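Here are my notes for you as you look through this one. Keep the viewer open and follow along point by point.

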Amino acid sequence: MLLMLSVICRAQDNHYSQFYANKIYLNPAFSGTDVCPRVILGFRDQWPGMTGEYVSYSASYDQSLNGIGIGLLFNGDDAGRGILKTNNVSVIISPKVRLFQDITLSFAVEAGLVQKKLDHSTLLYPNQIGPNGPLVSSVSQEIQNDISILRSDLSTGLLVYSQSVYAGYSMHHIMEPNISLINGPNATLYRRHTAHIGANFYLLEKDPKKRRKGLGPKISPQIIFQQQGPARELNLGMYYSKNKFTSGVYYRNEDAIVALFGVHSRKFTFGFSYDITLGKLANNTMGAIELSTSYRFNCRQKKRNPVRADCPSF
């Protein structure tokens, strides 16, 4: 029962290691920074070696419309093999302001809903366990029906970017909604603060036209800091891209090393990453597997093209 209560009271966002495959989840101000419409799908299985791992999935759509980024975002999280489900859906408006010829300021407001649901049929109580395992006969359960709550949510983000540098800050769950499913202590969904910066350094390619098209080799160092309530993490990463291939690595403060690989064309991308768990849980969790894919639609280019944020796709 204590384990069940700890799962019910869990109030923290799901985690992705492919930060830039989940751009508008990282920072809603990324909405519309690719200019043309795009759809991104993501899946993550965290700690499959342990009973009750966390499975996360996401879907997003964003584009630039008359200089304003718009976005739709869905995130789902299944904890304890479906015992506890959390769904987030939101809409994003992100105006863009051209500060200089190649530098753009993006501001975003994100409004949505958070749903949390408990599937009571999957719960197992101490009085339902016999010497040889779960009892077949019916035993009275303390929770007789599914429990579900729905809360409003509000987030914001700020991003400054050019084709070579991008930096931003976002704050999610500004109102810190209470998403508790039981009577008792609140399960506050803490504000999630994110600060990030990245850059592109082109290697062995002097032709500016090829650099703009991303044909030459480049490295992209990254620093991403996140804090949500008492939990905080610092991610230090590096990407290497050449032609249609990208590889990268992240180190997450004494928690994991992330290795990723991606393939991209003008329209499609596909990314794979694996979290190598460090510390005491290294031999038990089997890390985390994450997949992502995206599709970029064609769009008409205006005479004065907006600046595109040239950040990694994974």
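1. How many salt bridges does the structure hold? There are 12, where a salt bridge is a side-chain nitrogen of Lys or Arg within 4 Å of a carboxyl oxygen of Asp or Glu. Bear in mind that this is a predicted model, so local features need pLDDT of at least 70 and side-chain atom pairs count only at pLDDT 80 or more, while totals for chains, interfaces and linings use all residues. Residues are numbered from 1 along each chain as its sequence is written, and side-chain values use heavy atoms, with hydrogens and water left out.

2. Look up Arg38 and Asp62: their side chains meet in a salt bridge at 2.7 Å, N to O. (Strands are DSSP runs of E, at least two residues; helices are runs of H or I, at least four; both are numbered from the N terminus.) Arg38 is buried at 7% relative accessible area, and Asp62 is buried at 1%. Buried means under 20%, exposed over 50% and partly exposed in between, using a 1.4 Å probe and protein chains only.

3. Arg44 sits in strand 1 and Glu290 in strand 17 (residues 288-296), 246 residues apart. Arg44 is buried, with 2% relative accessible area, and so is Glu290, at 1%.

4. Asp78 and Lys85 make a salt bridge too, at 3.4 Å, N to O. Here Asp78 counts as buried at 14%, whereas Lys85 is partly exposed at 31%.

5. Now for the surface. Val165, Ile197, Ile223, Leu234, Leu236, Met238, Val249, Tyr251, Ile257 and Ile276 form a nonpolar patch with about 770 Å² of accessible area together. Patch residues have over 30% relative accessible area and no salt bridge; like charges are joined within 9 Å, and nonpolar side chains (Val, Leu, Ile, Met, Phe, Trp, Tyr) within 5 Å. The areas come from the Shrake-Rupley method with a 1.4 Å probe, and for residues only the protein chains shown count as cover. Strand 13 (231-242) and strand 14 (245-252) each supply at least two patch residues, and strand 13 gives the largest share, three residues. Val165 lies in strand 9 (residues 165-172) and is partly exposed at 38%.
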